[in-house]
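Hi everyone, thanks for making time for this one.

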Amino acid sequence: MAISIAILDCDLLLHGRGHKTLDRFDVGSVSDEFLVSQFGFPREFILYLVELLRESLCRRTQRSRAISPEVQVLAALGFYTSGSFQTSMGDTIGISQASMSRCVSNVTKALVEKAPQFITLKREAVIREQTSQEFQKVAGLTGILGVLDCVQVAIKAPNSEDSSYVNKKGFHSIGCQLVCDARGLLLSAETHWPGGLKGVDVLEKSALFKELQEIEGYFLGDSRYPLRKWLLTPVDCPESPAEFGYNLAHTATHEIVDRTFRAIQTRFRCLDGTKGYLQYSPERSASIVLACCVLHNASLQSGLDAWTLERTDPPEQPETLEQRPEDRDDQAEKLRKQLILKHFS
């Protein structure tokens with residue numbers, strides 16, 4: 001059934017010039033290929049989003065002739081997937097850049113409100129067991145429930161002279177701590193950290209830190225993280241064939257979180273830097289990243305492929321953590337050694 005979306009010329013309405021103008025964009029009259037090229041998603045998923053966010057978007061637009069939820073969702077998807085307000089999107093759906101900006105703000109807030117519904121570590125035992133089995137199929141590691149990484153999203157320099165957002169590469173960014181399962185589904189996404197913080201510092205300051213320790217199972221972190229009983233890292237200087245085998249399995253499994261973030265950046269071009277940095281405050285940039293994470297999970301749960309649009313550039317090699325003697329966890333080292341001997345000897 002063709003579904004028509006009414007488009008109001010928002011600028012005329014806001015400024016009261018002339019008569020109300022009405023154009024129509026018929027979602028049912030265009031192909032999924034067109035919708036994917038313009039808005040990043042097929043028709044069925046777009047309509048699902050409209051219904052998911054309708055109440056929140058109507059609540060935020062109480063004006064008698066406000067922009068419809070349908071148009072707001074299309075405008076926001078157009079920005080997320082193109083990275084620019086200056087696109088043919090305005091012509092396609094009939095609104096100005098200023099109106100698009102308001103739509104993006106409304107939809108971003110609505111998606112952030114939905115984050116606890118779509119991104120959570122709290123899973124039933126049956127699902128955790130299934131996750132562990134899926135990870136084991138990747139490279140043979142057992143008992144794995146998630147892979148952890150802290151990635152950077154470039155932003156404009158904050159107005160204040162705050163150097164905490166300058167990362168090790170010298171540009172301003174927010175640090176985003178992600179945990180995902182073997183399918184690329186995000187289990188945790190904290191997107192608000194200053195880019196100057198190291199991944200291990202983000203982890204120890206985050207709400208996730210305590211939560212991971214209370215879950216029965218293992219998570220994987222790269223060599224920037226300390227070895228813990230619940231956080232398995234690579235062996236720094238492998239010597240035996242078993243240790244080399246473990247490291248290879250660790251790398252192949254941990255790569256899932258890198259692939260997931262690359263796929264998110266590729267689908268949501270506002271995050272990949274090709275259109276320039278996010279031109280917002282750290283707080284608003286963090287909300288946009290989290291909104292994209294919610295969309296990633298929602299699309300995956302709707303049956304779309306998480307890695308269809310994944311970039312092919314190789315991930316950067318992480319720096320090795322300089323571990324202080326007092327940070328060493330002898331029990332964790334013993335546990336990792338037992339795991340290596342059991343599964344890789």
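**Starting from one leucine**

Let's begin with L295, which is buried, at a relative accessible area of 0%; buried means under 20% relative accessible area, exposed over 50%, and partly exposed in between, with a 1.4 Å probe and protein chains only. Before going on, please keep in mind that this is a predicted model, where local features need pLDDT of at least 70, side-chain atom pairs count only at pLDDT 80 or more, and totals for chains, interfaces and linings use all residues. Residues are numbered from 1 along each chain as its sequence is written, and side-chain values use heavy atoms, with hydrogens and water left out.

So where does L295 sit? It lies in helix α12, residues 282–301; helices here are DSSP runs of H or I with at least four residues, strands are runs of E with at least two, and both are numbered from the N terminus. Leaving aside residues up to four places away in sequence, L295 touches F45, L49, L77, Y80, L111 and F268, where contact means heavy atoms within 4.5 Å. L295 and V112 are 183 residues apart in sequence, yet their C-alpha atoms are 9.9 Å apart in space.

Now, how does helix α4, residues 69–82, pack with α12? The angle is about 100 degrees, with the axes 12 Å apart. Axes are lines fitted to C-alpha atoms, for helices over the stretch in contact, and angles run from 0 to 180 degrees between N-to-C directions. α4 and α12 are therefore roughly perpendicular to each other: that label covers 65 to 115 degrees, with under 35 roughly parallel, over 145 roughly antiparallel and the rest oblique. From α4, L77, F79 and Y80 meet I288, A291, C292 and L295 of α12. This contact has seven nonpolar, no polar and no charged residues; Ala, Val, Leu, Ile, Met, Phe, Trp, Tyr, Cys and Pro count as nonpolar, Asp, Glu, Lys and Arg as charged, and the others, Gly among them, as polar.

Helix α8 (residues 125–139) packs with helix α11 (residues 241–267) at about 125 degrees, their axes 8 Å apart, and that makes α8 oblique to α11. Here F135, V138 and A139 in α8 meet A249, A252, T253 and I256 in α11. By class, that is six nonpolar, one polar and no charged.

Zooming out, the protein has 13 helices and seven strands, and 50% of its 345 residues are buried. Happy to take questions!
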